[in-house]
Amino acid sequence: MQKSSTCSFMYGELTDKKTIEKVRQTFDNYESNCFEVLLYKKNRTPVWFYMQIAPIRNEHEKVVLFLCTFKDITLFKQPIEDDSTKGWTKFARLTRALTNSRSVLQQLTPMNKTEVVHKHSRLAEVLQLGSDILPQYKQEAPKTPPHIILHYCAFKTTWDWVILILTFYTAIMVPYNVSFKTKQNNIAWLVLDSVVDVIFLVDIVLNFHTTFVGPGGEVISDPKLIRMNYLKTWFVIDLLSCLPYDIINAFENVDEGISSLFSSLKVVRLLRLGRVARKLDHYLEYGAAVLVLLVCVFGLVAHWLACIWYSIGDYEVIDEVTNTIQMDSWLYQLALSIGTPYRYNTSAGIWEGGPSKDSLYVSSLYFTMTSLTTIGFGNIAPTTDVEKMFSVAMMMVGSLLYATIFGNVTTIFQQMYANTNRYHEMLNNVRDFLKLYQVPKGLSERVMDYIVSTWSMSKGIDTEKVLSICPKDMRADICVHLNRKVFNEHPAFRLASDGCLRALAVEFQTIHCAPGDLIYHAGESVDALCFVVSGSLEVIQDDEVVAILGKGDVFGDIFWKETTLAHACANVRALTYCDLHIIKREALLKVLDFYTAFANSFSRNLTLTCNLRKRGWFSMAKAL
């Protein structure tokens with residue numbers, strides 16, 4: 001088995017020299033590649049192999065191993081003449097090989113050199129609109145056919161956001177164009193919406209080639225199942241939303257009512273928002289995102305109602321039967337108030353004048369906004385029966401919408417500032433405690449300083465509570481990460497196995513110290529081993545500073561060599577804000593008793609900067 005991965009011992013006279021050189025270069029350059037190579041068995045029988053080479057990298061991105069995979073593809077290559085087939089035609093040899101190895105042929109999956117490798121993008125995880133996404137931890141991407149797109153890949157995520165933006169564009173522009181008839185003879189709008197229609201049509205094609213998550217949580221990549229699922233769910237709605245209604249409206253002989261109906265049918269694109277609405281649980285934890293979403297929904301509803309409000313006024317302002325102006329219409333009143341009254345052109349036989357389209361939309365939106373927020377000033381008011389009925393319905397919708405959206409603003413802000421409120425509540429309780437028990441001023445200041453500094457470092461997060469939620473294996477992994485600085489900086493842990501490090505990590509505790517805090521008092525028991533991760537401390541004996549401890553130093557007692565608890569021979573006090581990782585005596589001895597090989601290495605390689613058991617013993621490098 002101790003042979004080269006290049007398989008040079010299997011080369012023969014028919015092995016391609018160029019392929020041999022490519023294999024060698026792949027190993028030398030630490031690359032991934034695949035080859036079809038002819039090798040020879042011990043009995044000199046030639047065999048075709050599909051060879052795949054993949055470098056394995058460690059956490060430092062260094063190649064530590066090569067993974068070589070070989071698949072026998074002799075059946076798919078030109079059959080090689082042997083003693084048993086001499087004199088046979090090439091077709092006869094191929095037929096025998098295929099008939100005798102049918103089972104192998106069915107099991108062998110042909111490989112494609114240009115196979116697409118989908119990477120699980122972090123961007124896709126953050127921006128993914130749907131909840132149908134694989135877990136964010138390490139997971140191998142499923143193998144899919146070349147024409148199938150993974151629903152959580154970066155391209156599909158970006159495409160979904162483009163479709164979402166165009167959906168909102170449709171939600172805003174379609175009601176506006178239908179009500180204000182802005183597309184009449186406007187080529188720019190026609191071209192723009194035609195482009196949007198084409199993009200939605202491309203989206204339908206992509207959806208027929210995009211994976212989805214099945215009921216069991218598995219990624220479905222079978223093309224037939226994908227098509228059936230899409231046809232049963234969103235295909236009809238997507239098809240109706242991308243039909244070229246604007247092109248139909250462009251014809252002069254199309255009836256205006258039919259034209260408006262075709263344009264209104266584009267509103268079915270808003271049903272696409274259902275996909276987003278049912279999958280917004282990813283963003284509900286972000287208060288700011290929910291607040292922005294609610295405000296956008298409120299503005300969108302107000303926009304729709306403004307378009308309807310204008311349509312009612314535009315329909316009633318001129319009586320088509322008598323060809324007279326309706327003076328009680330809100331449009332007529334608005335035209336008089338802004339100085340642009342309606343007038344009848346006798347030569348053309350039509351009514352002219354009136355406010356501009358922009359002014360009409362702004363006034364309509366102003367009215368709906370004031371009505372929805374129950375503020376209405378009365379300067380724009382319903383006068384006709386239809387306007388009053390619409391206003392009543394709008395007020396009913398507005399009351400519900402206002403209560404739903406703005407009633408949640410207080411809750412959202414409370415959630416956003418929950419930690420801040422908890423912080424101030426804790427400070428008030430501590431102040432009341434210090435006043436009630438008349439704690440001396442110096443000690444009170446130290447207590448307040450410690451609480452403030454600890455909160456600024458931990459952000460009020462209870463580490464133990466978070467770890468208690470996680471399962472045992474995951475909790476050990478998190479603890480190893482939290483104590484990585486200790487394990488990486490001290491040579492005593494270099495020979496520890498993964499199991500040993502995990503056992504040690506769960507026993508470590510992290511403490512934050514403010515300037516002036518005493519970690520050890522002279523005479524008290526030394527029951528923990530302390531590793532300094534950041535900050536500076538001083539060791540005081542007989543009112544004299546005998547050592548300064550900093551990052552990378554260790555102080556405590558050599559429990560593994562002693563049978564009794566030691567009494568601290570000095571005070572250890574923090575000079576600055578410090579982070580200490582400590583492990584209790586009982587926990588350390590329990591791990592050392594179980595991992596005996598590590599215990600010997602730990603005892604040899606760990607050097608205490610300051611041994612609090614022995615008076616006057618400290619590292620000369622740290623002495624003043």
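Reply: Happy to! This is a predicted model, where local features need pLDDT of at least 70, side-chain atom pairs count only at pLDDT 80 or more, and totals for chains, interfaces and linings use all residues. Residues are numbered from 1 along each chain as its sequence is written, and side-chain values use heavy atoms, with hydrogens and water left out.

Me: Is strand β14 buried or exposed?

Reply: Five of the five residues of β14 (residues 537-541) are buried, so the rest of the structure largely encloses this strand. Buried means under 20% relative accessible area, exposed over 50%, and partly exposed in between (1.4 Å probe, protein chains only). Strands are DSSP runs of E with at least two residues, numbered from the N terminus.

Me: Which residues sit on each side of β14?

Reply: Leu537, Val539 and Gln541 are on one side, with Glu538 and Ile540 on the other.

Me: And which strands does β14 pair with?

Reply: β14 pairs in the antiparallel sense with β15 (residues 544-549) over five bridges, and also with β18 (residues 571-574) over four bridges, again antiparallel. Pairing takes at least two DSSP bridges between two strands. Ile540 has Val545 as its bridge partner in β15 and Asn571 in β18.

Me: New topic: how many aromatic pairs are there?

Reply: The whole structure has 26. One of them is Phe433 with Tyr437, a tilted pair at 5.0 Å centre to centre and 50° between the planes. Rings of Phe, Tyr and Trp (its six-membered ring) pair if their centres lie within 6.5 Å; planes under 30 degrees apart count as stacked, over 60 as edge-to-face and the rest as tilted.
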